[in-house]
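Please read the points below with the structure open beside you, and take them one at a time. They move from the chain as a whole to single pairs of residues.

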Amino acid sequence: DAPCSSEARFDTRDAKSMAHWHLAKVKECAHKQKRLLHAAIIAAKVGACIVYSTCSFSPEENEAIIAAQLKTFGESLAIEPIAPLAGMAVQYQAGLTAWGKKTYPDSLSNAVRVLPNAEFDGFFMCKLRKLA
């Protein structure tokens with residue numbers, strides 16, 4: 001779980017939940033996240049599974065971070081589908097393959113954005129496999 005801007009934890013009934021957020025924090029977090037995930041991939045053994053997650057819905061902190069690693073590691077890294085969260089009452093959306101003017105690899109549709117509800121805060125997850 002990478003340090004993040006916590007966008008997916010906002011509560012519209014509590015203005016304080018959004019008080020610390022600002023665009024600079026998103027950029028700062030994205031910089032850290034990119035470096036942390038890169039280090040995790042380097043450290044992982046071939047065949048290892050790495051789950052990248054944040055409590056943010058910001059594409060700059062999620063899909064963009066994964067897309068950068070896919071570009072760096074090429075065919076040595078793959079995104080795998082995440083099985084439905086069995087036994088849990090959650091709704092989720094597929095990871096984004098486009099945001100604004102940016103496009104991301106189609107395989108990012110295998111990532112998930114778990115939507116917040118009464119039991120869960122929202123979060124993003126992506127399952128990566130180190131192939132070589």
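1. A residue is called buried here when its relative accessible area is under 20%. The model is a predicted one, and with that cut-off 8 of the 11 residues of helix 2 (residues 63-73) are buried, so this helix is largely enclosed by the rest of the structure. The buried residues are Glu-63, Ile-65, Ile-66, Ala-67, Ala-68, Gln-69, Leu-70 and Phe-73. Helix 2 is followed by Gly-74, which has a positive phi, near 55 degrees.

2. For the chain as a whole, there are 2 helices and 7 strands, and along the sequence they come in the pattern α-β-α-β-β-β-β-β-β. Of the 132 residues in the protein chain, 36% are buried, and the chain exposes about 7,700 Å², with carbon and sulfur atoms supplying 57% of that area.

3. Which strands are joined to strand 7 by bridges, and in which direction do they run? Strand 1 is joined to strand 7 by 6 bridges, and the two run antiparallel; Thr-54 stands opposite Phe-124 in this pairing. Strand 2 (residues 77-80) is also antiparallel to strand 7, with 4 bridges between them, and here Ala-78 stands opposite Arg-129. Strand 6 (residues 112-114) runs antiparallel to strand 7 as well, through 3 bridges, and Arg-113 has Phe-124 as its bridge partner.

4. The structure holds 1 aromatic pair. The ring centres of Tyr-52 and Phe-124 are 6.4 Å apart and the ring planes stand at 70 degrees, so the pair counts as edge-to-face. Because Tyr-52 lies in strand 1 (residues 49-54) and Phe-124 in strand 7, the pair ties together parts that are 72 residues apart in sequence. Tyr-52 counts as buried at 5% relative accessibility, and Phe-124 counts as buried at 0%.

5. How many salt bridges does the structure hold? There are 3, and one of them is formed by the side chains of Glu-63 and Arg-113, at 2.8 Å from N to O. This pair links distant parts of the chain, since Glu-63 is in helix 2 and Arg-113 in strand 6, 50 residues apart. Both Glu-63 and Arg-113 are buried.

6. Glu-80, Lys-127 and Arg-129 are linked in a network of salt bridges. The side chains of Glu-80 and Lys-127 meet at 3.5 Å, N to O, and this pair joins strand 2 to strand 7 across 47 residues of sequence. Lys-127, with 24% relative accessibility, counts as partly exposed. The side chains of Arg-129 and Glu-80 meet in a salt bridge at 2.9 Å, N to O, which again links strand 7 with strand 2, the two residues being 49 apart. Arg-129, at 22% relative accessibility, counts as partly exposed too.

7. Is Lys-130 buried or exposed, and which side chain of opposite charge is nearest? Lys-130 is buried yet has no salt bridge, and the nearest side chain of opposite charge, that of Glu-80, is 14 Å away. Beyond its neighbours within four places in sequence, Lys-130 has contacts that include Ile-41, Ile-42, Val-46, Ser-76 and Leu-77.

Terms used: Residues numbered from 1 in each chain as written. Predicted model: local features only at pLDDT ≥ 70, side-chain atom pairs only at ≥ 80, totals over all residues. Heavy atoms only, no water. Buried < 20%, exposed > 50% of the residue type's maximum accessible area, 1.4 Å probe, protein only. Areas by Shrake-Rupley, 256 points an atom, 1.4 Å probe, with all protein chains shown as cover. Lys, Arg positive; Asp, Glu negative; His and termini not counted. Salt bridge = Lys/Arg side-chain N within 4 Å of Asp/Glu carboxyl O. Contact = heavy atoms within 4.5 Å. Phe/Tyr/Trp six-rings, centres within 6.5 Å; stacked < 30°, edge-to-face > 60°. Pairing = 2+ DSSP bridges.
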